[in-house]
Amino acid sequence: MNDIGHIISHYRKQNNMSQQELADLLQKKGFKISYKAVSKWETNVSEPGINLFFEICRLLHIEDIYEEYFGFNPYNPFNGLNETGINKANEYISDLKLIDKYLSISNKTVSITRYLDIYENAVSAGTGNYLFDGPVTSCIIDNSKSVPDNADFGVMISGDSMEPLFHNGEVALIHHADTLSSGDIGIFSLNNNAYIKKFSLKNGIISLISLNTDYNPIGVTANDDFKIFGKVVGTCKKELLFNS
């Protein structure tokens, strides 16, 4: 039996990934993780929660956690086969997948097309720009583009204050929301300037936080004109969205 820390360490190194790089990927998935947390997992000082561990398995391409943990998976249909036998079995499975009557309904390709509005006035990861007064371009979203189902619109990002997770020139994908939880990354209007920032609510005080520590938090007072547009649910390069 292997411990969780050994499994994470082994696959992280196999993927040529540093602890910081793994932490950055997990942050993009919404987990508030630092490289120190990764180090603690790998030295068995602590263990990730179940949802977090499943995401780690996905990012590190751990396909059979049962076998990795227990050393043997009795439910693996390839047990007892040598490499040649496994290759033959995979060839047969590949042939079956070419025949429609052998496919499960969930595996049949369904073409889903929708449109996503991209607001080209950039939201600021720096000094602030207003969002909705500028041009809007609609792009076609289909199965070939990795856009979350709950993304309602997109906005261009300008500046570096949300580095290293969000970059200048990227499109932030937004889910409409009037409220956010403290710690969420969102799109905001503050006194007619639009920002992408981390939302902070402590003791009734709202602050908009930059991930780049070179930038100071932006305080929100009762006298400010403040509105939440939505929650950031992903990012994408503009050329990928408009490459049809």
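**Figure 1. Helix 2 and helix 3 are roughly perpendicular to each other in this predicted model.** The packing angle between helix 2 (residues 19-28) and helix 3 (residues 35-42) is about 115°, and angles of 65 to 115 degrees count as roughly perpendicular. The two helix axes lie 8 Å apart. Helix 2 passes helix 3 in a right-handed crossing. On the helix 2 side, the contact is made by Q19, Q20, L22, A23 and L26; helix 3 contributes Y35, V38, S39, W41 and E42. Sorted by class, this contact holds 6 nonpolar, 3 polar and 1 charged residues.

**Figure 2. Helix 1 and helix 3 are oblique to each other.** Helix 1 (residues 4-14) crosses helix 3 at roughly 120°, and the axes of the two helices come within 7 Å. From helix 1, the residues in the contact are G5, I8, S9 and R12. They meet V38, W41 and E42 of helix 3. By class, the contact of helix 1 with helix 3 comprises 3 nonpolar, 2 polar and 2 charged residues. V38, W41 and E42 of helix 3 also take part in the contact with helix 2.

**Figure 3. Strand 3 pairs with strand 4 in the antiparallel sense.** The pairing of strand 3 with strand 4 (residues 170-176) runs over 4 bridges. In one of these, M156 has V171 of strand 4 as its bridge partner. Strand 3 (residues 153-158) is mostly covered, with 5 of its 6 residues buried.

Notes:
Residues numbered from 1 in each chain as written. Predicted model: local features only at pLDDT ≥ 70, side-chain atom pairs only at ≥ 80, totals over all residues. Heavy atoms only, no water. Axes fitted to C-alpha atoms, helices over the stretch in contact; angles between N-to-C directions. Parallel < 35°, antiparallel > 145°, perpendicular 65-115°, else oblique. Left-handed = near helix turned anticlockwise from the far one by under 90°. Contact = heavy atoms within 4.5 Å. Nonpolar A, V, L, I, M, F, W, Y, C, P; charged D, E, K, R; others polar. Buried < 20%, exposed > 50% of the residue type's maximum accessible area, 1.4 Å probe, protein only. Pairing = 2+ DSSP bridges.
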